[in-house]
Amino acid sequence: MRDPVELEVFKNLYHSIAEEMGAALRRTSFSPNIKERRDYSCAVFDSEGQVIAMGDHMPVHLGSMPMSVAAAIDQCELEPGDVVMLNDPFRGGTHLPDITMVMPVHLSHSGIKRGDGARPRPGGAQPRHHTTPDFYVASRAHHADVGGTYPGSMGPCREIYQEGFRIPPVKIMRGGKLVADVLALLLSNVRTPEEREGDLGAQIAACQTGSQRLREICASYGIARARQAAADLLVYSEEMMRAFLRTIPPGRYQAEDFLDDDGVEDKPVRIAVTIHIGASSKKKSSVETRLAMSPASRRKKQSDQVTIDFTGSDPQVQGAINAVEAITYSACFYVFRCLLREDVPATSGLMRPIRVIAPSGTVVNAKPPAAVAGGNVETSQRIVDVLLKALAQAIPDRIPAAASGTMNNLTIGGIDPRSGEPFAYYETIAGGMGARPTKDGVSGVHTHMTNSLNTPAEALEYAYPIRLWQYSLRSKSGGAGLHAGGEGIVREIEVLTDAQVTLLADRRSRGPYGLAGGADGAPGRTLIIRRDGSAEEISGKTSVRLRSGERVRIESPGGGGWGRPNAI
């Protein structure tokens with residue numbers, strides 16, 4: 001029988017490790033994107049690669065990170081002191097700027113006994129060969145440039161080979177020593193090698209922090225006790241999710257939503273979902289097949305309580321908005337995690353009652369050589385929108401109207417006249433949150449699959465040849481309703497040198513939807529302001545050359561409203 005007090009203690013211990021890993025990464029990183037915007041995530045995994053604790057970081061990273069750990073385990077034999085690096089979206093990654101570090105934690109190799117210390121427990125785990133890790137830790141960070149056609153590596157490309165340097169699972173550290181050849185290969189293919197080297201070192205330091213904290217915990221409690229607590233957290237999370245799912249009325253709930261276009265063809269891209277509550281399916285996604293290979297997952301399973309089926313979504317497209325299966329799985333994880341109480345641990349156990357079907361070759365499960373940079377940041381948001389739209393039919397009192405639905409990815413690159421060296425700036429821009437059944441939406445906030453911050457004006461202007469002209473809320477952009485949607489953002493930036501400006505954004509042709517009679521939020525728009533004061537509107541997925549003194553102005557969407565405005 002589980003000890004609830006001990007379960008709570010270990011839940012917080014493991015969570016604190018992930019949080020401290022994030023703090024170490026933030027403090028030692030070089031780039032403003034990681035240091036200021038906090039575009040990173042860290043997590044702790046058990047010996048089978050199942051996540052047992054996540055930091056309060058980026059949802060789009062965290063839900064998909066188990067696939068990176070699974071890829072590292074499958075590809076590499078992990079010895080003490082090794083670290084695996086990868087970013088390949090088709091082998092556990094999401095999109096190329098997100099580089100993941102995976103480190104095994106071998107505790108018995110460190111001399112820690114497998115017993116339970118002061119409180120021995122009969123039937124504990126038996127000793128294994130020292131090359132089998134007891135835990136894993138992982139850190140993922142969005143790097144401001146990983147090469148490719150466009151500075152910032154987030155442009156409107158047509159195949160992944162244009163998007164940047166693609167890294168399969170390879171060892172960046174072997175036996176505690178840096179693999180210099182692998183690092184040199186990467187740094188030779190990016191525009192800002194010094195910054196990349198600093199950020200990669202920060203990620204390794206974060207993993208080392210997590211490894212050290214796990215050693216300390218297991219030295220105090222014993223490895224068997226710590227591992228048993230990890231297994232208990234997985235089961236507890238599953239039980240809590242099953243209990244919640246029983247409160248949703250059984251049925252079949254369908255919805256669809258659209259991305260504006262793919263940046264190549266001017267036509268909307270459909271994402272469709274059918275959520276079966278109380279239904280089960282024998283079909284398995286490849287992600288679930290990989291995650292189910294662990295002994296813990298091979299135990300006798302209860303039937304699935306929810307099937308999420310994306311059949312009917314459009315085929316993968318020419319542009320860069322294709323999502324890999326890990327992204328779709330991550331969005332499903334995020335939505336259903338949000339419906340639980342905050343104190344429920346965010347572990348792999350949450351998805352055990354949920355089956356995800358994402359047909360191969362579609363925009364929600366693209367095959368190589370599809371371009372995927374926008375799948376991570378834009379399609380993930382629309383997947384959340386369509387899931388919430390479907391769930392609003394089942395539990396309308398729990399679901400908000402659509403948020404801005406885009407991360408407004410802005411990259412600026414060129415030669416910094418102060419140093420004569422290349423620079424690459426990347427940022428996502430907030431928008432309006434959708435109104436909720438009981439209150440208005442929040443204005444100017446990053447929502448759903450992003451949990452980042454803005455780059456402060458001081459940090460922006462110090463690091464880059466850029467000047468911030470305006471940063472304000474976008475008046476009257478939130479949808480009207482009994483509860484109003486949050487307002488979007490106006491962010492206007494001047495370049496102080498000739499530069500390439502690239503935008504990867506959505507919700508330009510149709511605004512975020514309202515619910516229960518609420519109005520849609522205002523669509524976003526982007527303007528280029530020339531030196532003579534003239535302005536031209538550009539599309540949401542494009543790249544333009546600006547001359548020194550010209551500006552880009554982004555007006556992000558507002559959130560949808562909830563309820564009819566005249567309702568009492």
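Predicted model: local features only at pLDDT ≥ 70, side-chain atom pairs only at ≥ 80, totals over all residues.
Local features need pLDDT of at least 70, side-chain atom pairs count only at pLDDT 80 or more, and totals for chains, interfaces and linings use all residues. Residues are numbered from 1 along each chain as its sequence is written, and side-chain values use heavy atoms, with hydrogens and water left out.

**Overall build**

The protein has 11 helices and 20 strands. These are DSSP runs: helices are H or I of at least four residues, strands E of at least two, numbered from the N terminus. The C-alpha trace spans about 80 × 60 × 40 Å along its principal axes. Of the 568 residues, 62% count as buried, meaning under 20% relative accessible area with a 1.4 Å probe, protein chains only.

**Nonpolar cores**

A nonpolar core is a set of buried Ala, Val, Leu, Ile, Met, Phe, Trp, Tyr and Cys residues joined through side-chain atoms within 4.5 Å.

| Core | Size | Residues named |
|---|---|---|
| Largest | 132 residues | Most contacts inside: Tyr14, Phe135, Phe310 and Phe336 |
| Second, separate | 23 residues | Including Ile429, Ile466, Ile493 and Val544 |

**Around His57**

His57 lies in the loop between strand 2 (51-54) and helix 3 (59-62). Its relative accessibility is 10%, so His57 counts as buried. Leaving aside neighbours within four places in sequence, His57 is in contact (heavy atoms within 4.5 Å) with residues including Tyr40, Cys42, Leu62 and Asn451. Asn451 is 394 residues away along the chain, yet the two C-alpha atoms are separated by 6.3 Å.

How values were computed
Buried < 20%, exposed > 50% of the residue type's maximum accessible area, 1.4 Å probe, protein only.
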